[in-house]
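Here is a short report for a first look. Please view the chain below before reading on.

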Amino acid sequence: MSKDLWSKISQTIKTGAETLVQETKELTKMGRLKVELMTLENERGRRLQEVGRKAYALYRVGTAFPPELAQDFQAVDETEKRIEEKNLEIEALKAEDEAREAARLEAEKAAEKEAQAKAFCSQCGAGLRPTDVFCSQCGTKVE
Ligand SMILES: [Zn+2]
């Protein structure tokens with residue numbers, strides 16, 4: 001097979017993937033991870049398309065697949081690995097967010113309970129501390 005044919009069918013398809021990642025700085029971490037995942041999934045699709053295009057071009061001219069095609073398959077594997085890593089990163093962040101939200105709700109509930117438990121003087125309405133025996137404002141005995 002001629003070197004020319006190979007380099008001709010090896011021309012890569014350019015995309016705006018890099019630009020897309022640059023523009024995600026403003027988003028939340030989760031939003032950014034999801035855009036990165038989408039970018040990787042696009043990359044995988046692009047690589048598979050490229051491998052398919054090359055393999056089909058060779059099939060059309062009746063040429064056996066060259067060993068270089070394995071590099072393209074490896075590139076797909078590499079992208080696949082990065083997609084898996086990105087998914088794990090998203091799962092970890094999701095769990096982190098959920099744990100933080102649960103802790104926040106717990107603290108909110110505790111604060112509410114504490115506010116409800118707080119006693120007030122039956123005479124003047126001043127707030128009482130749990131240790132108060134007499135109201136610090138009007139001297140009424142705490143019941
Ligand atoms: Zn009082």
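## How helix pairs are described

An axis is a line fitted to C-alpha atoms, for helices over the stretch in contact. Angles between axes run from 0 to 180 degrees and compare N-to-C directions. Two packed helices are described by the angle between their axes and the distance between the axes.

## The chain as a whole

This is a predicted model. The chain has four helices and two strands. Read from the N terminus, the order of elements is α-α-α-α-β-β.

Of the 143 residues, 5% count as buried. Now take the contacts with a separation of 6 or more: 48% of them join residues 24 or more positions apart.

## Helix 3

Helix 3 covers residues 29-60. Its 32 residues, at 1.5 Å a residue, should span 46 Å. The end C-alpha atoms are 46 Å apart, so the two values agree.

Which residues of helix 3 are buried? They are Leu33, Thr39, Leu40, Arg47 and Lys54. Just after helix 3 comes Gly62, with a positive phi of about 70°.

## Helix 3 against helix 4

The axes of helix 3 and helix 4 come within 9 Å. They cross at roughly 165°. Angles over 145 degrees count as roughly antiparallel, and helix 3 and helix 4 are therefore roughly antiparallel to each other. The crossing of helix 3 past helix 4 is left-handed. What kinds of residues make up this contact? There are 14 nonpolar, two polar and 14 charged residues.

Gln71 belongs to helix 4, which covers residues 68-117.

Cys124 sits in the loop between strand 1 and strand 2. Strand 1 is 119-120, and strand 2 is 127-128. Cys124 is exposed because 12 other C-beta atoms lie within 10 Å.

Which residues does Cys124 touch, leaving aside those up to four places away in sequence? The contacts are Cys135, Gln137 and Cys138. Cys138 is 14 residues from Cys124 along the chain. The C-alpha atoms of Cys124 and Cys138 are separated by 6.8 Å.

Note on methods: Residues are numbered from 1 along each chain as its sequence is written. This is a predicted model: local features need pLDDT of at least 70, side-chain atom pairs count only at pLDDT 80 or more; totals for chains, interfaces and linings use all residues. Angles under 35 degrees count as roughly parallel, over 145 as roughly antiparallel, 65 to 115 as roughly perpendicular and the rest as oblique. A crossing is left-handed if the near helix is turned anticlockwise from the far one by less than a right angle, and right-handed if clockwise. Ala, Val, Leu, Ile, Met, Phe, Trp, Tyr, Cys and Pro count as nonpolar, Asp, Glu, Lys and Arg as charged, and the others, Gly among them, as polar. A residue is buried if 20 or more other C-beta atoms lie within 10 Å of its own, exposed if 12 or fewer, and partly exposed in between; C-beta atoms are placed from the backbone. Two residues are in contact if their C-beta atoms, placed from the backbone, lie within 7 Å. The expected span of a helix is 1.5 Å times one less than its number of residues.
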